[in-house]
Structure formats: C-alpha cells, structure tokens
Amino acid sequence: MLRIRSQAQARGSLPALILLFVSLPGIAADRIGLLVSDVAPPYRTILEQIADGMTRGAGGKPHRFEMSGRESVPPAVSQWVRGNAESVPVLVCLGGDAVRAAQQLLPRVKVVAAAVIEVPDDIPWGVSLIPDPSATFGYLRRFAPHVDTIHVVVAGGPERDQLTRARAAVREMGFDLAVHSAMDFREAATVYRRLLPHLGRTDSLWISSDRRVFDDDIMLPTLLKEAWERNLVLFSDSLAHVSRGVLFAPFPDNERLGETVAALALEVQRLDVGSQRKEFLTDTHLAINTRAARHLELTLSPDLATEVKLRFPQQ
C-alpha cells in the first residue's frame with residue numbers, strides 16, 4: 001500500500017527529516033549506494049537531475065554505480081554489498097533497469113526504487129512517478145475553482161492504490177469523485193460515450209495513470225473534441241497529453257524528487273527489513289495548455305503561475 005501523504009506535508013516535512021537523519025549516529029550518505037540505469041538522452045538528464053537532488057538532500061554523494069546496458073547487477077555493487085555485511089545497506093535504484101537488476105540482491109540489501117512508473121511489489125520502499133492525486137487535484141482547485149466533481153474511468157477489479165489515495169484527497173479538498181468502471185477498452189469507450197453528454201460546467205474529467213482501459217491513440221482524440229465542444233475541464237497525469245490539448249498535468253520536479261528520495265533512503269537505513277514505505281510523486285511542476293485555458297476562460301493566479309514550467313502550444 002502506498003503511503004498517503006499530502007503535497008503540503010511532503011514539502012513542509014522534508015528539510016526537517018533530512019536534518020534529523022543526517023544527525024543520527026550511523027545514518028549518512030556514504031552508507032547509501034546509487035545504481036543508475038543506462039538510458040539515452042533526454043532521460044539521462046532526468047536521472048542526473050534526480051541524482052543531484054539526492055546529493056543535496058543527503059548532505060553528500062552516495063556510492064554511485066553505473067549500469068552498462070541492461071546487464072545484471074554490476075560486480076562493483078555486489079562487492080559493495082559484501083563490504084557492508086555488518087549491516088544491511090541501502091541501494092537507491094534510478095530507472096527500471098536498475099530496479100530490475102537490484103531485485104536479484106533482495107533481501108541482502110534494502111532497495112529503494114525511484115524514477116519508475118510503479119514500485120514493484122517485492123520492493124518495499126520507493127517513490128513512484130505517478131502523481132499523487134492530492135497534487136493533481138490541488139492544481140485543479142486553484143486553476144478551475146468552479147469545478148466540484150471529478151469523473152474518472154478505471155479498470156474494474158481490485159482497487160489500485162492511486163484510486164484509494166484519490167478518494168482520500170477529494171475528502172480533504174471538498175470534491176466529489178465519480179468513479180466509472182470498465183473491463184476493457186471497448187467498454188471504456190462506451191462508458192465515455194454515455195457519460196460525456198451528462199457533464200456540465202462544474203464537472204471535470206481526469207485521465208488517471210490507470211492505462212488498463214485507456215488508449216492514447218484511440219480515446220484521447222475523442223475526449224479532446226468532446227471536451228472542447230462542451231467546455232469541459234479535461235486534465236491528466238500525463239505530460240504528453242498537455243501538448244495534444246488537455247488543460248493541464250503535473251510532471252516531476254526532478255531535483256526536489258531527488259531530495260525526497262534521499263530523505264527516504266536515510267530513513268530506510270534505520271528501518272527494519274520487514275517495513276514498507278511507498279509514495280506517489282508530490283514534487284511536481286505544472287504544464288498547461290494555454291489554448292485550452294483561453295477557450296475555457298480560465299486564468300492563472302500569480303502564485304499558480306510560478307509553478308507553471310511548461311506551456312503548450314510552444315512558441
């Protein structure tokens with residue numbers, strides 16, 4: 001289960017947590033390993049920014065290891081683990097290849113996963129790239145204050161952690177959350193077709209990270225057309241959707257994310273192997289589509305404008 005933590009709580013508590021952990025005996029950056037996936041630009045730049053944030057957040061550079069392609073665990077990592085046999089070391093893994101390689105080391109090492117869409121079930125600690133609904137809905141409240149209901153279509157079956165978090169977030173913020181289930185893409189298309197005619201000005205439609213019943217190429221063009229014609233607020237968890245016409249989406253503030261990962265790694269040093277802490281992304285910037293905003297007659301408040309780092313269409 002992913003830990004529920006609001007965006008405000010995350011930002012407010014991070015400096016204090018870092019100061020606490022680096023001052024505790026036996027808790028230091030030099031006891032943290034960092035395994036970085038071998039990826040091409042521009043993704044490489046993203047991982048480097050996260051690593052820079054980790055250095056700042058941990059108060060020093062972790063022991064860094066590089067992967068070469070999609071190899072198994074680099075020999076240097078195995079040697080480092082053996083050299084820390086007196087205690088279970090913490091290995092932060094950036095990117096999917098690094099996370100998959102480090103799974104071979106469990107439970108001899110405490111693995112913290114980051115820069116991945118979802119933290120694997122067998123890794124107990126990590127920060128997902130899926131935006132925390134509290135961050136996403138916070139932007140909605142400030143950007144479109146007339147909205148009071150959020151509609152979302154998700155796959156049927158067991159409820160995913162993001163939806164559980166969304167239910168908590170709407171209670172905190174005063175929204176209503178209308179959840180519509182579908183078993184496959186075809187049923188999801190039917191749900192959207194029946195739902196859209198009933199949505200009004202105070203409704204919004206959220207494209208969540210649950211892509212089991214959403215296809216960008218098939219469904220997004222229809223939703224964009226309907227949202228435009230009905231003056232409907234359509235927002236997403238995907239930055240790519242904003243460039244195509246969705247009103248807004250959060251995306252990672254990579255250096256602040258690195259600070260959060262560092263604080264988690266420092267905390268994991270003192271936790272029992274059987275503990276667990278997984279978090280959604282709360283360190284975010286905002287991307288907006290200015291054409292959609294003008295069409296909806298929405299304006300950015302001065303404080304929200306400072307969080308906008310990407311605007312589409314780009315000039």
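**Close-up views of a predicted model**

View 1. The side chain of R56 meets that of E259 in a salt bridge, with 2.7 Å from N to O. Because E259 lies in helix α10 (residues 254–268) and R56 in helix α2, the pair ties together parts that are 203 residues apart in sequence. E259 itself counts as buried, at 17% relative accessibility.

View 2. R44 and E66 meet through their side chains in a salt bridge of 2.8 Å, N to O. This pair links distant parts of the chain, since R44 belongs to helix α2 and E66 to strand β3 (residues 63–66), 22 residues apart. E66 is partly exposed, with a relative accessible area of 38%. A search of the whole structure finds 22 salt bridges.

**View 3. Helix α8 and its surroundings.** Helix α8 covers residues 216–230, and its 15 residues reach 20 Å from the first C-alpha to the last, close to the 21 Å expected at 1.5 Å a residue. At the start of the helix, a side-chain oxygen of D215 reaches to within 3.0 Å of the backbone nitrogen of D217, while just after the helix N231 takes a positive phi of about 55°. Buried in α8 are M219, L220, L223, L224, E226 and A227, and the buried residues of the helix pack against α7 (185–195), β9 (203–207), β10 (233–236) and α9 (239–244).

View 4. E229 forms a salt bridge with K225, and their closest N and O atoms are 3.0 Å apart. Being four residues apart in helix α8, E229 and K225 are separated by about one helical turn. K225 is partly exposed, with a relative accessible area of 48%.

**View 5. Two cis peptide bonds.** The peptide bond from P41 to P42 is cis, with omega near 5°, and P42 lies in the loop between β2 (32–36) and α2 (43–58). The bond from F312 to P313 is also cis, with omega near -5°, and P313 lies in the segment after β14 (308–312).

View 6. A115, found in strand β5 (residues 110–116), has a phi near 60°, a positive value in a residue other than glycine; A115 is buried, with a relative accessible area of 15%. E297 has a positive phi of about 60° although it is not a glycine, and lies in the loop between α11 (290–295) and α12 (302–305). E297 is exposed, with a relative accessible area of 73%.

How values were computed
Residues numbered from 1 in each chain as written. Predicted model: local features only at pLDDT ≥ 70, side-chain atom pairs only at ≥ 80, totals over all residues. Heavy atoms only, no water. Helix = DSSP H or I, 4+ residues; strand = E, 2+ residues; numbered from the N terminus. Expected span 1.5 Å × (residues − 1). Buried < 20%, exposed > 50% of the residue type's maximum accessible area, 1.4 Å probe, protein only. Contact = heavy atoms within 4.5 Å. Polar contact = N/O pair within 3.5 Å; in protein donor to acceptor, adjacent residues only side chain to side chain. Salt bridge = Lys/Arg side-chain N within 4 Å of Asp/Glu carboxyl O.
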